[in-house]
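Visitor: I am new to this structure. Please take me through a single part of it, up close.

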Amino acid sequence: MSRVVACDVPQDSLLARYGGERDYRDCFYRDEPSEGTAPQDLPTFVERFYRSAAFWPERALLHVLTRQASSADARALARGEADRFGVWELVERRDSEMLLASKDTGTASWFAVKPTGTGTLLYFGS
């Protein structure tokens with residue numbers, strides 16, 4: 001299993017364009033080998049992220065608070081069938097990137113995928 005690595009926010013990303021100069025941004029990636037399968041796409045990554053065991057406690061709390069953070073809600077957001085998940089609303093989406101923001105909390109969530117030839121770099125940040 002590959003590890004998560006901190007990195008600079010890619011300059012051409014939606015996250016780099018969002019917010020002001022003094023706003024905090026972080027960025028991480030994980031190199032996911034394809035092992036003979038197609039590179040991972042953005043919908044698969046986003047759905048797996050929000051439905052992961054690591055995110056489950058936050059998703060459960062968000063579902064209680066907003067009623068919009070179920071597994072079905074994560075799937076709909078990932079597939080482009082919804083523009084909201086929990087407290088976050090879609091700001092912009094590209095084929096390989098998605099940026100969500102919460103006006104109430106002042107936070108953003110960003111996801112991106114970049115095929116490498118041997119797998120996919122899975123980026124996420126805030």
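Guide: Here is a close look at one helix and the aromatic rings around it. Keep in mind that this is a predicted model. The helix is α2, residues 42–50.

Start with E47. E47 sits in helix α2. Its relative accessibility is 13%, under the 20% limit, so E47 counts as buried. What does E47 touch, leaving aside residues up to four places away in sequence? The contacts are R75, A78 and R79.

Now turn to the rings. A pair of aromatic rings is described by two things: the distance of the centres and the angle of the planes. The count comes to 13 aromatic pairs. One of them joins F45 and F49. Their centres are 6.4 Å apart, and the planes stand at 80 degrees. That makes the pair edge-to-face. F45 and F49 are four residues apart in helix α2, so about one helical turn separates them.

Are these two residues buried or exposed? F45 has 6% relative accessibility, so F45 counts as buried. F49 has a relative accessible area of 25%, so F49 is partly exposed.

Y50 and F55 form another aromatic pair. This one is edge-to-face, with 5.0 Å from centre to centre and 65 degrees between the planes. Both Y50 and F55 are buried.

Last, look at the wider group. F45, F49, Y50 and F55 belong to one aromatic cluster. The cluster also includes F28, F85, W88, F111 and F124.

Technical notes. Residues numbered from 1 in each chain as written. Predicted model: local features only at pLDDT ≥ 70, side-chain atom pairs only at ≥ 80, totals over all residues. Heavy atoms only, no water. Helix = DSSP H or I, 4+ residues; strand = E, 2+ residues; numbered from the N terminus. Buried < 20%, exposed > 50% of the residue type's maximum accessible area, 1.4 Å probe, protein only. Contact = heavy atoms within 4.5 Å. Phe/Tyr/Trp six-rings, centres within 6.5 Å; stacked < 30°, edge-to-face > 60°.
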